Protein chains: 4
Amino acid sequence: MIRISVIGTRAANAIEAEQAFEVGRLIAERGGVLICGGLSGVMEHAARGAKEVGGLTIGILPGYDPAQANRWIDIPISTGMTWARNVVVATSGQAVIAIGGGPGTLSEIAYAAIEGRPVIALGSWELDTDRLDSEIISASSPQEAVDRAFDRINI
Amino acid sequence: MIRISVIGTRAANAIEAEQAFEVGRLIAERGGVLICGGLSGVMEHAARGAKEVGGLTIGILPGYDPAQANRWIDIPISTGMTWARNVVVATSGQAVIAIGGGPGTLSEIAYAAIEGRPVIALGSWELDTDRLDSEIISASSPQEAVDRAFDRINI
Amino acid sequence: MIRISVIGTRAANAIEAEQAFEVGRLIAERGGVLICGGLSGVMEHAARGAKEVGGLTIGILPGYDPAQANRWIDIPISTGMTWARNVVVATSGQAVIAIGGGPGTLSEIAYAAIEGRPVIALGSWELDTDRLDSEIISASSPQEAVDRAFDRINI
Amino acid sequence: MIRISVIGTRAANAIEAEQAFEVGRLIAERGGVLICGGLSGVMEHAARGAKEVGGLTIGILPGYDPAQANRWIDIPISTGMTWARNVVVATSGQAVIAIGGGPGTLSEIAYAAIEGRPVIALGSWELDTDRLDSEIISASSPQEAVDRAFDRINI
């Protein structure tokens, strides 16, 4: 099964919410499993998109209680590791799509870069790629983001 | 989706291997998702049992490389946290079935107890339940172990 | 610097509290650094004992806030990993002294065994050492526990 | 005890190495405890600087083996959590000084921002502080970096 992580903030604005929904839907339409942090905002909208078309969604939770997951998560994974769970979200996908995002998303991009997971950014962090020692792939639409993610996984 | 964690050692003997296979198969037959540590031994035999009947298997890996997972794992989750990943294995299931097992399994039983996940033991650790502040349910066969796990989840 | 971890429950009874104090004091008198989980109960009494004689105390906290540490902790280490921090407590000492204890202490004994840290038990878990694949050294007094810990480190 | 985390890459260049040494020395001169990741590069040079003047150094290691620590570490803390240990390094200091650095350092800056630890940058990441929702304090010398760190802690 192809696995794609979608990362982004709980405080998603309307555009990010719509993008996340579309990204989730497109991942699921192409048969990908959606991995996310399981909470609200970008995580919830992406999971909702995936479920719209019958996809499978996994939420890597900061706590232990599966009830912490948003309602679109099929399989909550309990870590209890609060922010350290970001490394699990970032590295469990074969590619990572970042939508908007704050410092939590930044930590996930950093971890994806360290472990060689391709990062596709949709209105997210712009970073010094020399320091990152890894590229960040810019996408201008959910369709492009998901296409790029699948392209990179199939290389 | 019902989620059951199966825990036990990489160094499974023939009886434990057979029990793990049966437990995995029975979990999947009843529609449960199998969660395990993703490696060899009990983890692999349980996942193989689940796949025999078309179940879904999740492997919570100690490292980052999905290739670390045994071949019966559908969705490898990369933690990179080595032994600390045991807390994720132990608490992500709604019930935990322990088959045989050494100190790693012991840490998982401890974590399940802390977080209130019912533990069903099949030839595994016998512990002072006063100190554990939680019961361990003994089972004498894979069928009984899986029955007990589903019973406890449906309470 | 010699480092010894002292583990045990927050719900220490009077005897355990006194033992923890003595263990902490004796570790510090012999120049050892005390490592513990930083909270109350056995952790606090041990740290108090160490500070009584001017020792150095480190508290590996489950959360991020250093104010979570008891008042006898010199250096709080913030993990934010809740129960997963137990692996840090258990393996950062060159030996581990367990006083009483419940399931959290059990997870720490398991981790110490996995990583080959000698465990000295003072009224703590009695475990099947075949399954543990490691011995647990029984001590009947704080003095004996600390002596055994130093003996093992100096081997 | 004042605790300051120094973060930066293993692949330090000559300037970064010198800066790290100075930062470590100045922290220790002012009585601060140095916390770092315990390995080579910036971590080692900072620890060496602190020991030059008799400071206390703590290394939060990615693995379990205390021998992984550089020779200037007084107290190795074993996490076994590989990259997830970055959250421990970043949040255990009351302030964080970043010297140069790659993606690992980036993850630490993100975590420091999340948990409200002031970050002082010496030739390190320049980030969109709106997204970070936190400021990064620029310093142009080791002296300024350490002054700023102590200033922020004493607020």
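At what angle do helix α1 (residues 14–29) of chain C and helix α6 (residues 142–153) of chain C pack? The legends below, which describe a predicted model, begin with this pair.

**Figure 1. Packing of helices α1 and α6 in chain C.** In this predicted model, the two helices pack at an angle of about 40°, and their axes are 9 Å apart. That angle makes α1(C) oblique to α6(C). The crossing of the pair is right-handed. On the α1(C) side the contact is formed by Gln19(C), Glu22(C), Val23(C), Leu26(C) and Ile27(C). On the α6(C) side Pro142(C), Gln143(C), Val146(C) and Phe150(C) take part.

**Figure 2. Crossing of helices α1 and α6 in chain A.** Helix α1 (residues 14–29) of chain A and helix α6 (residues 142–154) of chain A cross at roughly 40°, and their axes come within 9 Å. The two helices are therefore oblique to each other, and their crossing is right-handed. From α1(A), the residues that meet the partner helix are Gln19(A), Glu22(A), Val23(A), Leu26(A) and Ile27(A). Their counterparts in α6(A) are Pro142(A), Gln143(A), Val146(A) and Phe150(A).

**Figure 3. Helix α4 of chain B against helix α4 of chain C.** The axes of these two helices, each spanning residues 103–114, come within 8 Å and cross at roughly 160°. This angle makes α4(B) roughly antiparallel to α4(C). The crossing of α4(B) past α4(C) is left-handed. Chain B contributes Pro103(B), Gly104(B), Leu106(B), Ser107(B), Ala110(B), Tyr111(B), Ala113(B) and Ile114(B) to the contact. Chain C contributes Pro103(C), Gly104(C), Leu106(C), Ser107(C), Ala110(C), Tyr111(C), Ala113(C) and Ile114(C).

Figure 4. With a relative accessibility of 0%, Ser107(C) counts as buried. Beyond its neighbours within four places in sequence, Ser107(C) is in contact with Ser107(B), Ala110(B) and Tyr111(B) of chain B, and with Asn86(C). The C-alpha atom of Ser107(C) is separated by 16 Å from that of Ala11(C), a residue 96 positions away along the chain.

**Figure 5. Ser124(C) in the loop between β6 (119–122) and α5 (129–132) of chain C.** Ser124(C) has a relative accessibility of 7% and counts as buried. Apart from neighbours within four places in sequence, the residues in contact with Ser124(C) are Arg131(B), Ala98(C), Gly100(C), Thr105(C) and Ile109(C).

**Figure 6. Ile60(C) in strand β3 (residues 57–61) of chain C.** Ile60(C) is buried, its relative accessible area being 0%. Residues up to four places away in sequence aside, Ile60(C) touches Ile35(C), Cys36(C), Gly37(C), Gly38(C), Ile77(C), Thr79(C), Arg85(C), Val88(C) and Val89(C), together with Ile77(D) from chain D. Ile35(C) lies 25 residues from Ile60(C) along the chain, and the C-alpha atoms of the two are separated by 7.4 Å.

Figure 7. An α-helix has 3.6 residues a turn, so residues three or four places apart point the same way.

**Figure 8. The buried face of helix α2 (residues 42–52) in chain D.** Val42(D), Met43(D), Ala46(D), Ala47(D), Gly49(D) and Ala50(D) are the buried residues of this helix. Seen down the axis of α2(D), they fall within an arc of 155°, so they line one face of the helix. They pack against β1, α1, β2 (33–36), β3 (57–61) and β5 of chain D. After α2(D) comes Gly54(D), whose phi is positive, near 80°.

**Figure 9. Positive phi at Thr82(B) and Thr82(D).** Most residues other than glycine have a negative phi. Thr82(B), however, has a positive phi of about 45°, and the phi of Thr82(D) is near 40°. Thr82(B) lies in the loop between β4 (75–78) and α3 (86–92) of chain B. Thr82(D) is placed in the loop between β4 (75–78) and α3 (86–92) of chain D. Thr82(B) is partly exposed, at a relative accessible area of 23%; Thr82(D) is partly exposed at 24%.

Key. Residues numbered from 1 in each chain as written. Chains lettered and ligands numbered in written order. Predicted model: local features only at pLDDT ≥ 70, side-chain atom pairs only at ≥ 80, totals over all residues. Heavy atoms only, no water. Axes fitted to C-alpha atoms, helices over the stretch in contact; angles between N-to-C directions. Helix = DSSP H or I, 4+ residues; strand = E, 2+ residues; numbered from the N terminus. Parallel < 35°, antiparallel > 145°, perpendicular 65-115°, else oblique. Left-handed = near helix turned anticlockwise from the far one by under 90°. Contact = heavy atoms within 4.5 Å. Buried < 20%, exposed > 50% of the residue type's maximum accessible area, 1.4 Å probe, protein only. Arc of directions from axis to C-beta.
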